[in-house]
Amino acid sequence: MASPDSGDGGESDVTLAACVFDSFNESDETRTLIASLPEVHEGMETRETAEQRFLVIMNRYQDQPHLLDPHLEWMVNMILDFVKNEQSPSSLVHLGFRFLYIISKVRGYKIFMHQLPHEVADLQPVLDLLSKQDSTDTETWETRYILLLWLSMTCLIPFDLSRLDGHLDSDGGSTRESTMDRILNIAKSYLVVSSKPRDAAAVLVSKFMTRPDVKQKCLGDFLDWSLCIISQTSDQSLTDVRVLDGALQSLAKLFKHGKRDDLLQYAPTVLQCLEQKHLLESSEAILRKFSVKLMQRLGLNFLKPRLAAWRYQRGSRSLAANLSMSQTAVTADAVTPHADTREQEEDFDIPEEVETVIEHLLVGLKDKETVVRWSAAKGIGRVTGRLPKELADEVVGSLLDCLSFQETDNAWHGGCLALAELGRRGLLLPSRLTDVVPLIIKSLIYDEKRGACSVGSTVRDAACYVCWSFARAYEPTELQPFVTQIASALLITAVFDRNVNCRRAASAAFQENVGRQGTFPHGIDILTAADYYAVGNLNSCYLNISVYIASFPEYTNAMIDHLIAMKINHWDSVIRELASKALHHLTPQAPDYMATTVLPKLLTMAVGIDLHGRHGAILACAEVTHALYKLGLQTNRTVVDMISSECVDALKNIHQNLHNRKQYRGFGGELMRPAVCSLIEKLSLSKMPFKNDPLIAEWQQFIDDTIRTLHLVSSGVKDSMMDAVIAALSALCEEYYQTQSGQADPQIQDALVSRYVDGLKSPQILMRCGSALALGCLPRFIISGKLEQILEGLQQMCTVTQEASFTEARRDAVKAISQVCVTVGVCVQGSPDSALCGENVAGVYDTLLKNINDYTTDSRGDIGAWVREAAMTSLMDVTLLVASTAPEILSSDQMRCMMCGLAKQAAEKIDRSRAHAGNIFLRLLHSTEPAVPHIPHREEVLAIFPVETITSLNWNASSQSFHYISQLLGLPQYHYHTLLGLTVSVGGITESTVNFSSQSLLNYLKGIQDDSVALTQFGDTLLSIFRDNLHNDRVNIPFLKMLNLLLTNGCFEIFNTQENHQFCVDILDLCKELRKSKDVTKLNACIAIFCGLMQFQGEVRKKVLSQLLMLLCHYFPVVRRSTASQMYEMLLIHDDVVDPELLDDVLTLLSDTDWGNDLDTVRVHRNQLCDWFGICRPRVVAKNPVPGP
């Protein structure tokens, strides 16, 4: 069962990982950890490490704490050995108590405290140790908490505490404090603290004050002290709340554990104090909770301990007995009250105070906090168990009053919890079931909208708890009249509730009833499909599990009716959409009921005033009509044959009614437009007889208007509305725009194509997107004869230089190109205006290949990735289409550009784009039906990417993808593009991508270090990439970082054998161009390259030095400092650059000079360096003044 305080929430797709242990597996590690405490307690780091490790081990057993029971004794004793040792430092003692607290927290203090030693000899040491503690120390509260629990056990020794005192007179003439007084004073002092020891002090009071010798001397005084605190303390300040909490908690535990005879005389006084305090009106939940707890304990004290003779007792609780055929024998064991017991239960009087207690508990059931309601419900159950039958029945009547629609959801929740408690205890007699069951059925579907969400999940969860308790409480014969109602309601909640906790609670309750009662129809079969874990997935519940359950006639209509009544008008649009789809799937189970009863109801709701109901009803009408059409195909009947003419007319009039009422505007329009688009789509697919009807023109106008006004829609619904519009247009064209000859109406064809081609030039980006997607979804008979016009419009929008704001439009245009090509197909000798052929295929490929290099960026980042991914997908679709029909029209140049472009994308830094490109690359490479022609180096690439990599290679993982893609560097056709892609990855900023791509590149270069030809070719490719992207910051900055990496790792040492190697000269010339930049990042990268080029011999070294020395006087101080720093490091590596006698002076000048000073100052030091290096001093070039007119 879910917890009672589960809140409303959406679907949670988190998979439950069940950790089930069969024993305490970390016993040896725990023993070692505890034994190491004397060594680790001194150091903060070692102490925290040990504590955290122990905490991790213990927390694993939060759900199965009983597994610790066999090990509690030795764990506690090992720790207490350190505590009892007088030589142990305080840090070790506190650490030991902290470990003990962790154990008590996991196992629970009630079990844990019994493991603490409680001999007579332990009392005084514990008391002394507790007296030494500082109650204000926030670091050692665990020590005080455990000591108080320990004292709670040691104070139970079966001897009068006065025997431990001896002579209380001390040598100084003063009187020592008795043990009893010391314990009592300690308990009182800790009842008012603000930390966890307050709870332990309440436990101490409940144990200590119930001792025979203590209650005689101190009980009255302690109660007076507690009542004085309660009456004199306000609940307005935090300090007062803590004091009240301690007093109430201690009294509640005291009245729980104390004997009735001892406490009865004080109960009226305590009750009167509570009434005067009005704690149930306090704003603090903790005070209301303990007020309810104390109130129920007072009620139990007023009533004699007795087991109600009138309660209902089930004779057998065996599952085997319930599932066996001997139900009659089980029923015979049920015990019913007899006349003599009725007479006996009237022999005692009920104190008037009990009525007050019950009234307070009933008020507590309506509290706003779940913990208070839960405590009140348990109190109602306990007190009712001691009442006569008539009074108990009045309590039940009061609980039923909580379940009225005048009450809040809190009252419903509290009432359900109390009814479950009564049922579980046998206090809800079968005669009351006729009143209770209908209210529980209502509670199972309780959902009250509040603002933008709803409340009621706690009520539904508690109602499931009631059904669960009924399964255990009653004989099958008692529940038999209500089986159908309860089973249907539980299954409806289990599959249709929005909250996952409620679905699981209903499934658990249904399972309990199937096992205990054995009368639920098809219970075992349903449980196999709708178990606790299966109902965790909301989509599966609505679309799969519900269909299976509805196949049993007992549940079919109930499930359909619930969807119509509660889910079609639900406040959450996701639930409305799922409900409509569920009705589609349920239609085959009850087609006549859907056609004659459900559809008319939906059509009435579809034109109603409730926005949510109207939205859900329109979606449901569309889905049900389409489902009836599918059923009609099996029996050669049309939809019109299955539904009435009134329904057909109502379906036709939905759009016009909404239009006349102006319900397409504003927020409502954002819901209505997609719903009506769905209606148009489903009615078109259902082949409704609306051909040549004016309604079709109205629908077309509505679709066009929706596309035109997309820019006015909220951003969150634009994509879904676009999808709905395009789906509606596609279905509408396919069904109603085709003539009997299979051709398109020329007038309609011209109008559609011209309208959407013109829309591609709209200044509104969403108008462009909608127009492009509309062209892509047109059927073949409309595109035929207009292909050139459509492709020209789409290609123009893709190829013309666009602003960043039109990126989404280019993406959709690229998608539309491939959709249009796939729709018209390929015909080698066909007309370029009707099919893809040799005349127009080149233009299609040119457009797609250009868009594979779209790197548009804006404030959202690399939005060009959308276009690139769409282009890659379109290339794959078009290539596979052409290869399967007419591979001869594909040129080798097109295939080379495509595969090289995919290889480049598969080597880049964005994981999603890399994975998309890599998967398409492998799909085309390994395609056999059809086989893609002209793939460059096919055999070599197949050796690098064997067929198993299609499934085994995770392109998203940098550790895997770069190892494979870098091997393409060895193939001439792929060399340039692969290296270009790797450049962006190696010079990127994502650590994992940089690391793995760099390692793959270095591994490749390591393999060609001895091959001067291959290395020269690699250098030439680097230079080509640098030249081509010299002014492209997307590439040149990562390129400089990658080049620095290669120079640093000595990848070009083979060039050192030749002075003034051309590679070095060209790199220097290109970097000199970038030196004029004002981008500090780029300048720093250039400085690193200059320093890396110092490893080469010849005249190039002096040219590099000249560039570095000029940068020492750059007008950016940060550049000057960076240059000096990197030159210093370079000279430490290449000490042959300057005369050895001058090296120390050069290094000193570079390090000691403040290169952030003004230029005139640093120029003097720079010129000194020029003299030492033997470089001509750079001359300052004066800027020519601008001549006057």
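This is a predicted model: local features need pLDDT of at least 70, side-chain atom pairs count only at pLDDT 80 or more; totals for chains, interfaces and linings use all residues.
Residues are numbered from 1 along each chain as its sequence is written. Local features need pLDDT of at least 70 and side-chain atom pairs pLDDT 80 or more, while totals for chains, interfaces and linings use all residues, and side-chain values use heavy atoms, without hydrogens or water.

**Salt bridges**

The structure holds 43 salt bridges (a side-chain nitrogen of Lys or Arg within 4 Å of a carboxyl oxygen of Asp or Glu).

Arg498 and Asp572 are 74 residues apart, in the H27-H28 and H31-H32 loops. Both are buried (under 20% relative accessible area; exposed is over 50%, partly exposed in between; 1.4 Å probe, protein chains only). Asp447 is partly exposed at 28%, whereas Arg460 is buried at 5%. Glu51, Arg98 and Glu142 form a salt-bridge network.

**Helix H25**

Arg460 sits in helix H25. H25 spans residues 457-473 and reaches 24 Å from first to last C-alpha, close to the 24 Å expected (1.5 Å times one less than its number of residues). Of its 17 residues, 16 are buried. Helices are DSSP runs of H or I with at least four residues, numbered from the N terminus.

**Negative patch**

Glu275, Glu352, Glu355, Glu359, Glu390 and Glu394 gather in a negative surface patch (residues with over 30% relative accessible area and no salt bridge, like charges joined within 9 Å). H20 and H22 each give two or more residues. H20 gives the most, with 3. Glu394, in H22, is exposed at 52% relative accessibility.

Terms used:
Patches are made of residues with over 30% relative accessible area and no salt bridge: like charges are joined within 9 Å, nonpolar side chains (Val, Leu, Ile, Met, Phe, Trp, Tyr) within 5 Å. Accessible areas come from the Shrake-Rupley method with a 1.4 Å probe; for residues, only the protein chains shown count as cover. Lys and Arg count as positive and Asp and Glu as negative; His and the chain ends are not counted. The place of a charge is taken as NZ of Lys, CZ of Arg, CG of Asp or CD of Glu.
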